Amino acid sequence: MPGQAASSRTASEPAAHPAGSPSARPRRGASGPLLLVAAGVLWGTGGVAGYVLQRTAELHPLAVAAYRLLLGGLAVTLVLAVTGRLARVPLRGAVVRRLLAAGALLGLYQAAYFASVSLLSVSLATLVTIGSVPVFVTAGMVVLTRRRPAGRLLAALLLAVAGLVLLAGAPGLEADGWGTAAGVGAALLAGLGFAVLTLLNRTSVPGLDALGVTGLGCLVGGALLLGPAAFAGLAVPATAASWAAALYLGAVPTALAYVAYFSGLRTAPTSAAALAVILEPLTATVLGVLLLGDRLSTAGAVGALLLAAAVAVEYAAPRRRRG
């Protein structure tokens, strides 16, 4: 059962636990999956905020990504500083390595995704990126645990991929040949980066909790994107609407969403974390229809239902007794 993926670790595998807590393995409960669901939904609102920011401030997508990570990182780091937890983060050894890895993966995910968007259509880039994450995570778990994925997980993955294909429709490609291949490759690289980030943060390091990984990791990722964003055109938002969109993008679908995601990873099965990512395009599609006037075809509506079914298969199915 995919719900037992985390509990079936070997005794030699490090247990995931928040900094400062006992070294015993944390008990899994309802909060982990719910946090992952919340993260997926919050991520989905970022599409509308990013669209508003890009249109009102006339920003390059790389600049939007840089602002998103930097503002989100600053928001969480401010909370750490005010509560006194920032001073207790040991900026050395394993903590520094984890922050550098998380920041690099966050930056890679954003940069590769927007590179794919520039070469393909937005819908196809999103389809390949988001659709590949559960596959990469599942493959990684198979390698790490040396266990076959359970039938329920495979069914959820098939529903998710089918839903994403229908939801994306049949986008027209403006690029041909090498341009198309490069765009698909960039999208797969983005999906791989997020999958590695998910697997990496299944275990914690002493002194670094979900808030620390989110705040400092986003700052590292945003700093890494500053160079490419400045080259592409890093304008400063000038209107109240653009600043409101930028602040929302940094605070809600970035700061809150990643804190929820990294927190949920500690107590939920990794397969659930992968499928939670699917809620992002589902939420973005619904908001696009309601707020931006996007039209959802019959195939798209069926795809949205399949995505919801994929999440239901993973989250709503009965679990065996938790270890």
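**Entry 1: helix α1**

I began with α1, which has 27 residues and reaches 38 Å from its first C-alpha to its last, close to the 39 Å expected at 1.5 Å a residue. The expected span is 1.5 Å times one less than the number of residues in the helix. Helices here are DSSP runs (H or I, at least four residues), strands are E runs of at least two, and both are numbered from the N terminus.

A note to myself on the source: this is a predicted model, where local features need pLDDT of at least 70, side-chain atom pairs count only at pLDDT 80 or more, and totals for chains, interfaces and linings use all residues. Residues are numbered from 1 along each chain as its sequence is written, and side-chain values use heavy atoms, with hydrogens and water left out.

What follows α1? I found Glu58 there, with a positive phi near 55°. Glu58 is not a glycine, and I had learned that most residues other than glycine have a negative phi. Glu58 sits in the loop between α1 and α2. Is Glu58 buried or exposed? Glu58 counts as exposed because its relative accessibility is 70%. The cut-offs are under 20% relative accessible area for buried, over 50% for exposed, and partly exposed in between (1.4 Å probe, protein chains only).

**Entry 2: the whole protein**

I counted the elements next: the protein has 11 helices and 0 strands. Of its 323 residues, 50% are buried.

**Entry 3: the cores**

I then looked up the nonpolar cores, which are sets of buried Ala, Val, Leu, Ile, Met, Phe, Trp, Tyr and Cys residues joined through side-chain atoms within 4.5 Å. The largest core has 42 residues, and Trp43, Phe194, Tyr261 and Phe262 touch the most other members. Several helices give two or more residues to this core, including α1, α2 (61–82) and α7 (210–233). Which helix gives the most? That is α3, with 10 residues. Another core lies apart from it and has 11 residues, among them Leu53, Ala63, Ala245 and Leu249.

**Entry 4: helix α8**

Leu249 turned up again in α8, which bends by about 30° there, and Pro253 follows within four residues. The bend is the angle between axes fitted to the seven residues ending at a residue and the seven starting there. Helix α8 covers residues 240–265 and reaches 36 Å from its first C-alpha to its last, close to the expected 38 Å. I checked Val252 against Gly72: they are 180 residues apart along the chain, yet their C-alpha atoms are separated by 8.0 Å.

**Entry 5: the salt bridge**

How many salt bridges does the structure hold? I found 1, counting a side-chain nitrogen of Lys or Arg within 4 Å of a carboxyl oxygen of Asp or Glu. The partners are Asp209 and Arg85, at 2.0 Å from N to O. This pair links distant parts of the chain, 124 residues apart: Asp209 is in the loop between α6 and α7, and Arg85 in the loop between α2 and α3. Asp209 is buried, at 17% relative accessible area, whereas Arg85 is partly exposed, at 29%.

**Entry 6: a surface patch**

My last stop was a nonpolar surface patch of about 280 Å², made by Leu108, Leu189, Leu192 and Val196. Helix α6 (residues 178–200) gives the most to it, with 3 residues. Leu108 is in α3 (residues 93–119), and its 31% relative accessibility makes it partly exposed. Patch residues need over 30% relative accessible area and no salt bridge; like charges are joined within 9 Å, and nonpolar side chains (Val, Leu, Ile, Met, Phe, Trp, Tyr) within 5 Å. Accessible areas come from the Shrake-Rupley method with a 1.4 Å probe, and for residues only the protein chains shown count as cover.
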